[in-house]
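Please load the model in your viewer and keep the selection tool handy.

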Amino acid sequence: MGREGEAIRAILPEFGRLHPDIAVRVQTLPWSGAREKLLTAFVGDATPDLCQLGSSWVPEFVALNALERLDDRLLRSASVRAEDYFPGIWDTNIVAGKLYGVPWYGDTRLLFYRTDLLLQAGFRTPPESWEQWSTMLAALKAVVGPERYGVLLPLNEFDPLLVLALQQRDPLLRDEGRFGNFRGRGFRLALQFYRDMFSKGWAPTIADTQISNVWDEFSRGYFTFFVSGPWNIGELKRRFTDERKGKWMTAVMPGPDGPGFSLAGGSNLVIFRHSQHKDEAWKLIEFLSLPATQERIYELTGNLPTRRSAWLMPALAGDPYAEAFRRQLERVKPPPKVPEFERIVTEMRLVAERVVHGDLSIDEAVNALDHTVDGILAKRRSMMAPQDTQ
Amino acid sequence: MKRGALAWAFAAPAVLVIGGFFLLPVLMAAGVSLTDFDLYAFADIQNVRFVGLGNYAHLLQSSEFWRALANSLLFVGMGTPLTLGAGLIAALLISSRLTIWPSFFRTVLFAPVVTTLVAVALVWRYLLHTRYGLFNWLLISMGLHPIDWLGDARWAIPAIALFAAWKNFGFSMLIFIAARQNIPGHLYEAAWLDGASPLQQFRSITLPALRPAVLLTGVVTVAGYFQMFAEPYVITQGGPLQSTVSVVYLMYEQGFRWWNFGSASAVAFVLFWMVLAIVTLRRRFGNYFRWTI
């Protein structure tokens with residue numbers, strides 16, 4: 001999918017040399033249509049042997065009973081070792097205690113910020129806690145004036161709020177994903193902090209469809225912080241040249257009290273249950289999971305390795321922008337592992353948007369959200385009930 | 001062979017294709033709309049439960065659906081007069097004897113209809129941009145306040161309706177031009193001899209003569225705006241505050257994002273009945289739109 005689809009063609013000849021008896025056919029899909037395509041393939045019984053799967057889709061495909069369990073193969077494997085992986089990223093492959101995939105590359109969200117603007121506001125280092133972040137945002141607002149902002153939190157993206165919510169101890173869903181837990185203290189705190197960033201004028205109330213070019217705006221100083229993923233390292237390196245070089249940096253997400261957690265994302269490698277070539281597919285997974293292959297993928301695509309040993313390579317170890325990602329990947333949590341997850345976070349985003357616009361109070365918002373989410377999970381509950389009686 | 005059987009034999013290929021690829025899926029969708037067919041049903045067909053009219057009942061009780069319906073009606077209410085009005089004016093201007101290069105302008109004004117929607121939608125997103133857009137630049141240079149076109153829930157539908165009207169009016173323009181050309185010139189000559197003013201000529205000859213064309217384009221346009229999907233999908237993704245979620249957008253989300261094919265099919269059928277009702281209304285008022293010399 002995406003650039004990986006092209007990069008893998010450069011890597012596969014090496015696999016062919018090691019395993020001349022295995023022929024691999026690659027089919028690339030655009031990210032935008034991949035989930036639909038795979039689901040259609042499942043319905044039509046035309047699933048591939050092995051596939052790259054967005055880590056948040058794993059619960060969905062497990063619910064379909066489409067994926068092969070990999071626990072036994074992992075035990076017997078010499079090269080894939082769970083303890084070498086970032087634990088939060090590894091965890092995205094586990095549903096109800098069973099393993100369904102191996103992390104291929106990692107993704108998460110953290111802060112990108114303008115060092116020069118932050119310095120103007122009087123700070124040399126990025127924030128580590130919400131409190132420090134608030135102080136900086138308030139100071140920035142005083143410096144940049146009413147037309148510019150401290151942080152960009154696009155209202156049509158759920159990631160920033162989801163990250164703030166995952167940093168809390170309270171889970172987003174309770175009773176093994178039977179009910180919403182948005183009324184819990186943790187989510188209230190996250191939503192309050194999120195709303196305050198808008199109501200205090202630190203973040204503009206806009207969607208990213210209203211930003212014509214996020215890098216231009218970042219470069220103009222329309223905002224100092226934004227929350228984004230690893231692909232922006234490459235983009236910003238390319239765009240911030242000459243006198244603007246070195247005027248930006250990455251930082252670990254600030255948490256409620258000290259460095260915070262972020263979202264565990266990225267892509268996993270999975271084997272479909274209907275595959276006729278599971279052993280061969282596993283060999284390919286082992287090959288793609290080698291630290292050396294992960295290094296190569298990083299060089300070709302900029303996708304971050306999921307194994308700690310791959311991060312020792314010079315290209316990554318010496319990159320100051322990637323360093324924050326390495327530290328953040330040690331502190332990531334997967335979102336709730338229910339197939340309805342995407343719909344739930346979309347509802348969360350919609351409610352948060354109404355809170356930001358002042359249409360709902362925090363109390364009204366969390367109650368409405370729990371009500372909606374309980375409705376979305378109704379079918380899941382009805383299907384889970386028999387298990388309880390066993 | 002009897003005539004009837006022979007006729008069926010000739011029609012059979014078409015009937016089979018339409019039946020297999022159109023009628024059958026529609027009937028299946030009608031069946032699915034009575035179940036809670038969803039993601040779990042793909043895993044195991046046993047997970048499908050028959051819910052009767054439950055999906056419909058739930059739909060009619062959900063504020064989401066009524067908002068989407070209200071949004072769709074707003075699209076229809078704003079887009080139809082804009083499209084037909086602009087089409088009529090453009091057609092009359094092009095049909096006028098005073099206009100130079102009529103075929104050039106006809107081509108230019110028709111061009112938006114055949115351009116790729118996604119591409120022009122992206123261009124319009126720039127035109128409507130709050131800080132750098134052409135529209136707000138014009139407003140400001142006229143001394144007016146800029147409008148947050150796509151960020152303000154009150155303005156997003158008018159902005160998209162304006163875009164859709166710009167994109168679509170060429171079609172009605174073309175129909176109107178054709179209809180205008182069918183009006184015999186001697187009617188105007190007679191009116192002129194009787195001393196009728198241009199306005200009187202327009203009201204007594206042109207407008208009644210164009211009624212059948214208005215009916216045709218009206219029905220097509222209304223049905224088109226009821227099915228509004230790609231425009232909000234590309235420009236606002238349903239936002240801000242769900243203000244541009246149309247009925248079809250809701251159906252897409254239910255079906256292809258959340259895999260709730262049961263409720264998505266129910267939405268589709270509600271939409272179907274509504275469009276059918278409009279077409280029926282057309283037949284009711286069909287006489288008004290008839291025009292004979």
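Start by selecting H16(A), which gives the most to the lining of the second largest pocket, with 7 residues. This is a predicted model, so to speak of local features pLDDT must be at least 70, and side-chain atom pairs count only at pLDDT 80 or more, while totals for chains, interfaces and linings use all residues. Residues are numbered from 1 along each chain as its sequence is written, chains are lettered from A in the order in which they are written, and side-chain values use heavy atoms, without hydrogens and water.

Next, show the pocket itself: about 1,400 Å³ of space lies in it. (On a 1 Å grid over the protein atoms alone, a pocket is an open set of points where a 1.4 Å probe fits, with protein on both sides within 12 Å along at least five of seven lines; lining residues have an atom within 4 Å of a point.) To centre your view, pick Arg343(A), Thr372(A), Ile376(A), His58(B) and Glu64(B), the closest to the pocket centre of the 50 lining residues. Colour the lining by class and you get 20 nonpolar, 16 polar and 14 charged residues.

Now move to H8 (159–166) and H9 (185–199) of chain A, which pack at about 140° with axes 8 Å apart.

Definitions and conventions. Axes are lines fitted to C-alpha atoms, for helices over the stretch in contact, and angles run from 0 to 180 degrees between N-to-C directions. Helices (H or I, at least four residues) and strands (E, at least two) are DSSP runs, numbered from the N terminus. Grid points are joined across faces, edges and corners, and a volume is the space filled by probe spheres set on the points. Ala, Val, Leu, Ile, Met, Phe, Trp, Tyr, Cys and Pro count as nonpolar, Asp, Glu, Lys and Arg as charged, and the others, Gly among them, as polar.
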